[in-house]
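I opened my notebook for a first look at this protein. Here is what I looked up, in the order I went.

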Amino acid sequence: MRRPLSAEDAEELELSTPDHREIAEQLVAWAEQPGPDDELSPRELLTRAGEQLELAGDPAAAEAAYRRAAGADGDAALDPRSHLVAVLLDREEPDEALALDRDLRRSRPTEAATYEYMADVWAEHGDDRRALGWLTRGILVHEQGPGFSDVDLSMLCLARWRLRERLGHQPDDHDVIGIGMLQRLDRAAENHPRV
C-alpha cells in the first residue's frame, strides 16, 4: 500500500516532466487506488488528469476524464462539469453545454473558482450576460453562507466589476469590493515589479 498522497505530491508530479499524458496517467492511477488519508480526492485527481490531457492536445480523452471526475467521490477545487461545459462549447455543442450549465448552476457549487471559471468560459464564447450571471450567483452563494474566503470573494467581485465596467455599468456595492482588490493588486505590483 502506498503512503498517503499529499497535494505536494501532485504538484511535484505536474512539474516533473513536460509529458502531460504521462502526468495524466499517474493522476488516474492514484484516483483509481484512493487511500483513506489522501489529501486529494479521486474527483480532484481525475479533474487534474483531464486538464493535463487538454494540455496534451487530446480533448476527447480530457472529456472522458472530466466525465469520470464528475461521477467520482470527493471535492475538487474546480468542479469538473465546468471543464465539460468548456469542452462542449469548443466542440460547438451548445445545447448539451447549456443543459450541463443548468445542472451545474442548480447544484450550487461550493468553490468560488467554479463561478469565476464559468464566467470566463461564457465570456470567451461571447455570452457576457451568462458570464455576469455566474459571477453574481457566486456572490449570492457566498452571502447565503457558509461563504468563501475574503480573497475569493474579492476576486469574484473584481471579475464582476471588470465585466460590468466593460458593459458600461456604474459600480454597485459589490463592484466597490472588486475595485478595492484591483487597487491592492496594483499596489502589490508597484512594490514588487517584475524584472
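In which helix is S82 found? I found S82 in helix α5; helices here (H or I, at least four residues) and strands (E, at least two) are DSSP runs, numbered from the N terminus.

Before going on, I noted that this is a predicted model, where local features need pLDDT of at least 70 and side-chain atom pairs count only at pLDDT 80 or more, while totals for chains, interfaces and linings use all residues. Residues are numbered from 1 along each chain as its sequence is written, and side-chain values use heavy atoms, with hydrogens and water left out.

**Entry: S82**

Is S82 buried or exposed? S82 is buried, with a relative accessible area of 0%. I use buried for under 20% relative accessible area, exposed for over 50%, and partly exposed for in between (1.4 Å probe, protein chains only). Next I looked up its partners: beyond residues up to four places away in sequence, S82 touches L104, T114, Y117 and M118. Contact here means heavy atoms within 4.5 Å. I also saw that a polar atom of the S82 side chain lies 2.5 Å from the backbone oxygen of D79.

**Entry: the whole protein**

I stepped back and counted ten helices and zero strands. The radius of gyration is 18 Å, close to the 16 Å that the globule rule gives for 195 residues, so the protein is as compact as a globular protein of that length. That radius is taken over C-alpha atoms, and the globule rule is 2.2 Å times the number of residues to the power 0.38. The C-alpha atoms fill a box of roughly 55 × 45 × 35 Å along the principal axes. Buried residues make up 43% of the 195 residues. Of the contacts between residues at least 6 apart in sequence, 55% join residues at least 24 apart.

**Entry: helix α6**

Which residues of α6 are buried? They are A97, L100, D101 and L104. Seen down the axis of α6, its buried residues fall within an arc of 110°, so they line one face of the helix. The arc is that of the directions from the helix axis to the C-beta atoms. An α-helix has 3.6 residues a turn, so residues three or four places apart point the same way. The buried residues of α6 pack against α5 (80–90), α7 and α8 (128–144), while the face turned away from the buried side carries the exposed residues D95 and R106. After α6 comes R108, whose phi is positive, near 50°.

**Entry: the core**

How many residues has the largest nonpolar core? I noted 47, and L45 and W30 are among those with the most contacts inside it. A nonpolar core is a set of buried Ala, Val, Leu, Ile, Met, Phe, Trp, Tyr and Cys residues joined through side-chain atoms within 4.5 Å. Leaving out residues up to four places away in sequence, L45 touches L5, L27, W30, A31 and L40.

**Entry: two more residues**

S154 sits in helix α9 (residues 150–166) and counts as buried at 7% relative accessibility. E124 is in helix α7 (residues 112–124) and counts as exposed at 64% relative accessibility.

Conventions:
A polar contact is a pair of N or O atoms within 3.5 Å; within protein, one must be able to donate a hydrogen and the other to accept it, and residues adjacent in sequence count only if both atoms are side-chain atoms.
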